[in-house]
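Please keep the sequence and the structure in view while reading.

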Amino acid sequence: MSQKVFAGTTVDVNEEGYMTDSTQWTKEIAKEIATEENIDLTDKHLAVCEFLRDKQSKGENITIRSVGNSGIIDIKGFYQLFPGAPMKKAAKIAGIPKPASCV
Amino acid sequence: MKKLLILGGGTGGTIMANKMRHELEREEWEITVVDKEKTHFYQPGFLFLPFGHYKKQDVVKPKNNFIPNGVNFIVQLIDRIEPENNQVVLADGVVLRYDYLIIATGTRIVPEETPGLTGPLWKKSIFDFYTPEGAIALANFFKTWQGGELVLNIADMPIKCPVAPLEFVFFADAFFVERGLRNKVNISYVTPMSGAFTKPRAAKVLGALLEEKNIHIIPDFYLERIDTEGKKLVSYDEREVPFDVLITIPVHKGDEVIESSGLGDDMGFVKADKHTLQSVDYKNVFVIGDAGNFPTSKAGSVVHFQADILTENLLCAIESRPYTASYDGHSNCYIETGFGKGALIDFNYDTEPLPGLFPLPGIGPFGLLQETRMNHYGKLLFRWIYWHILLKGKEMPIDTKMTMAGKKL
């Protein structure tokens, strides 16, 4: 377990940089993690993050398809917002664990 | 009479019918199983069909052979579940009331979810092996195929038996080597995951095996559609992979009745507590196996381990006691690696697959996370165990809870 400072706040992160305590998350922290991922955070990004945080808190499975069904954005748009690996990047910025898509 | 109703007569429903008939008094409890199919499929056997190792008759038997005496078996489509009224309505209008309901309706492939998949190339150049029809069509295709680009694609996760796609490409490698065609067949493994498997230690071992067998892995590929004219897979971020023959693992969903009854998540998997196996919405509804949204493998071993937990907790619920059993996510999978060898993984919600010996620490006979002949024999032997021991709900010499004994960190 290590720690990292975002927006003047010290947060717990794992070895891959995912926050381990989602209650420490704030929008300011999200903005700084996004910058590290070369993403300029917009309200659309934040809406996706809030959706993921809500699913995560309810213990529901998080998948790319579920984001596509969220009504916030379609899958294509999700890829454009978080290029490359949208789910991993979005989870990191949303301050939730890396989705274990399945085992 | 009190009523226990079980929806689905596959692996989970059949095991639970056997276990609960053994536990519940016949004078007090009526048990009914409903399924739309008369035939029980040995699903782990589908993998062996395309390569001619098994024929269709090796993987099917009548469901009736495995439903115990004293359990009603109804073959009918389910129209809807009405959990507020404690009843299920069948397609022919029959209403079945229940005191407790077990949902064991499994998962299904939905190739129609992906544009182009079931278009003009379906069962000509695009095949699935998750249905007996698809697997047999592929076996016929392989009989005369002379080589080219063989691409296996996983459209999305979760899927049933997450190691089956790996086993498929390992088998394909061995199959074409044995036919002297391997130098004419290029095999690619195209997956939405970041590697061969989700868990790091297993991903490393299995990734190395892919490399050793000259199978190209294309990770982080999330399928949007099939370009049927160009014979290409196209991802959401516009990458393309051409194929001559595509083996697809299509998008998986829960049964339609789960969605239409409002019990599921957005993929139609029943929302259930991952430890107690109880529905999150209804106290007298329980879930087993692929039908649930449990964050573990959709696999027969999971069903087998969950059956012990569910039996105990269902009795607790019936007798108004607090739950005494908790499912830990235990899963155990043989992985066929071709040429008469196999690997084995054993893991749960918290512990990833680790190397070691199984089930007896230090003795085995099975090797965890390593390729051995014994593991392959274990998988072949398992078909007999499945029909004769597992479905009947009898004891197996494997612990329901995962153990760290015999594992190396």
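## Terms for the helix pair

Angles between axes under 35 degrees count as roughly parallel, those over 145 as roughly antiparallel, those from 65 to 115 as roughly perpendicular, and the rest as oblique. The model discussed here is a predicted one.

## Two helices of chain B

In chain B, helix α1 (residues 11-23) and helix α6 (residues 300-318) have axes that come within 10 Å and cross at roughly 40°, and α1(B) and α6(B) are therefore oblique to each other. The crossing of these two helices, α1(B) and α6(B), is right-handed.

On the side of α1(B), the contact is made by Thr11(B), Gly12(B), Ile15(B), Met16(B), Lys19(B), Met20(B) and Glu23(B), while α6(B) contributes Val303(B), His304(B), Ala307(B), Asp308(B), Leu310(B), Thr311(B), Leu314(B) and Leu315(B). Sorted by class, the contact of α1(B) with α6(B) has 8 nonpolar, 4 polar and 3 charged residues.

The size of an interface is often given as the accessible area lost when the parts come together. Between chain B and chain A, the buried area is about 1,900 Å², and carbon and sulfur atoms give 51% of this area. On the chain B side, Tyr222(B), Tyr236(B) and Asp266(B) lose the most area to chain A, together accounting for 31% of what that side buries.

In terms of residues, 27 from chain B are in contact with 16 from chain A. The two chains, B and A, have 6 salt bridges between them, including one formed by Asp220(B) with Lys88(A), in which the closest N and O atoms are 3.3 Å apart.

Notes: Residues numbered from 1 in each chain as written. Chains lettered and ligands numbered in written order. Predicted model: local features only at pLDDT ≥ 70, side-chain atom pairs only at ≥ 80, totals over all residues. Heavy atoms only, no water. Axes fitted to C-alpha atoms, helices over the stretch in contact; angles between N-to-C directions. Helix = DSSP H or I, 4+ residues; strand = E, 2+ residues; numbered from the N terminus. Left-handed = near helix turned anticlockwise from the far one by under 90°. Contact = heavy atoms within 4.5 Å. Nonpolar A, V, L, I, M, F, W, Y, C, P; charged D, E, K, R; others polar. Buried area = accessible area lost by both parts, 1.4 Å probe. Salt bridge = Lys/Arg side-chain N within 4 Å of Asp/Glu carboxyl O.
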